[in-house]
Amino acid sequence: MKNFHQRDEHDTDTRKSETKRNKNMKRLGGGGLSLQTFANLKSKNSHYNPAVIKKQKEFYKNAKHVSKFRKSLKQQNSHEKDEMKMQSFHEEDETGESSSKVANKGKSHKRIGVEEVYKQTREEMEKARREREEAFQAKKQAKEEAESRRKAAKGKMMRKTRHGQPVMKYRIEHLLESIKKSAENDGKNHMTSSC
């Protein structure tokens, strides 16, 4: 009898644990993933990632530029080889030199040509940079001069008498200057429109 009773207790314990496990699985949203399934899901790259897409686009763009560059180099090299062959053929006929010496001369000219092109582009870039810098300095200087004039005018316009009234002398001078400038501008406009 004892044996039967113990077996009955064991069954109830396992049933309780199973029901608890089932409740937990329902509460957590079903059974957990196996390790293999989890690894497979992590290895798949099925979600949208804009950073990766941007890198891929940039990579393809760079590859396209590199291939275009290589094609242009090939065309230049083939064109230069054709010219070299023609030169060597003509020079060999005239002077009797071997074609290998002429080919070596052509390569040195090519190298010098590339260096000259590099120097020329470098000088152009340097010149453009200097011009930009000069324009920037001129603009900065004009800005500083205008600011100093404004400060001086502001100082004069803000002056007061002992009684707290504004000094009219500077205000009238300012008005007179502005009238003269507008008259000059009108005179110039009339002259350009009449011509």
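Is Phe-59 buried or exposed? At 57% relative accessibility, Phe-59 counts as exposed. The legends below describe close-up views of a predicted model.

**Figure 1. Overall fold of the protein chain.** The predicted model contains 5 helices and 0 strands. Along the sequence, the elements follow the pattern α-α-α-α-α. Of the 195 residues in the protein chain, 3% count as buried. The accessible surface of the protein chain amounts to about 19000 Å², and 55% of this surface belongs to carbon and sulfur atoms.

**Figure 2. The aromatic pair of Phe-59 and Tyr-60.** The structure holds 1 aromatic pair. Its partners are Phe-59 and Tyr-60, whose rings are arranged edge-to-face. The ring centres are separated by 5.7 Å, with an angle of 65° between the planes. This angle is classed as edge-to-face because planes over 60 degrees apart fall into that class. Phe-59 is exposed, with a relative accessibility of 57%. Tyr-60 likewise counts as exposed, at 56% relative accessibility.

**Figure 3. A patch of positive charge on the surface.** Four lysines, Lys-61, Lys-64, Lys-68 and Lys-71, gather in a patch of positive charge on the surface. Lys-61 belongs to helix α3, which comprises residues 50-95. With a relative accessibility of 54%, Lys-61 counts as exposed, because the class begins over 50%.

**Figure 4. A nonpolar patch on the surface.** The side chains shown are those of Leu-33, Leu-35, Phe-38 and Leu-41, which form a nonpolar patch on the surface. Together these residues present about 470 Å² of accessible area. Phe-38 is situated in helix α2, spanning residues 35-43. The relative accessibility of Phe-38 is 46%, so this residue counts as partly exposed.

**Figure 5. The salt bridge between Arg-129 and Glu-126.** Side chains of opposite charge can pair when their charged atoms come close. In this view, Arg-129 and Glu-126 meet through their side chains in a salt bridge, with an N to O distance of 2.4 Å. Both residues lie in helix α4 (residues 99-157). Because they are 3 residues apart in this helix, about one helical turn separates Arg-129 from Glu-126. Arg-129 is partly exposed, at 34% relative accessibility. Glu-126 is also partly exposed, with a relative accessible area of 29%.

**Figure 6. The salt bridge between Arg-129 and Glu-133.** The side chain of Arg-129 also meets that of Glu-133 in a salt bridge, for which the N to O distance is 3.0 Å. Arg-129 and Glu-133 are 4 residues apart in helix α4, so they too are separated by about one helical turn. Glu-133 has a relative accessible area of 44% and is therefore partly exposed.

Figure 7. Glu-126, Arg-129 and Glu-133 are linked in a network of salt bridges.

Note on methods. Residues are numbered from 1 along each chain as its sequence is written. This is a predicted model: local features need pLDDT of at least 70, side-chain atom pairs count only at pLDDT 80 or more; totals for chains, interfaces and linings use all residues. Side-chain values use heavy atoms; hydrogens and water are left out. Patches are made of residues with over 30% relative accessible area and no salt bridge: like charges are joined within 9 Å, nonpolar side chains (Val, Leu, Ile, Met, Phe, Trp, Tyr) within 5 Å. Accessible areas come from the Shrake-Rupley method with a 1.4 Å probe; for residues, only the protein chains shown count as cover. Helices (H or I, at least four residues) and strands (E, at least two) are DSSP runs, numbered from the N terminus. Buried means under 20% relative accessible area, exposed over 50%, partly exposed in between (1.4 Å probe, protein chains only). Rings of Phe, Tyr and Trp (its six-membered ring) pair if their centres lie within 6.5 Å; planes under 30 degrees apart count as stacked, over 60 as edge-to-face and the rest as tilted. Lys and Arg count as positive and Asp and Glu as negative; His and the chain ends are not counted. The place of a charge is taken as NZ of Lys, CZ of Arg, CG of Asp or CD of Glu.
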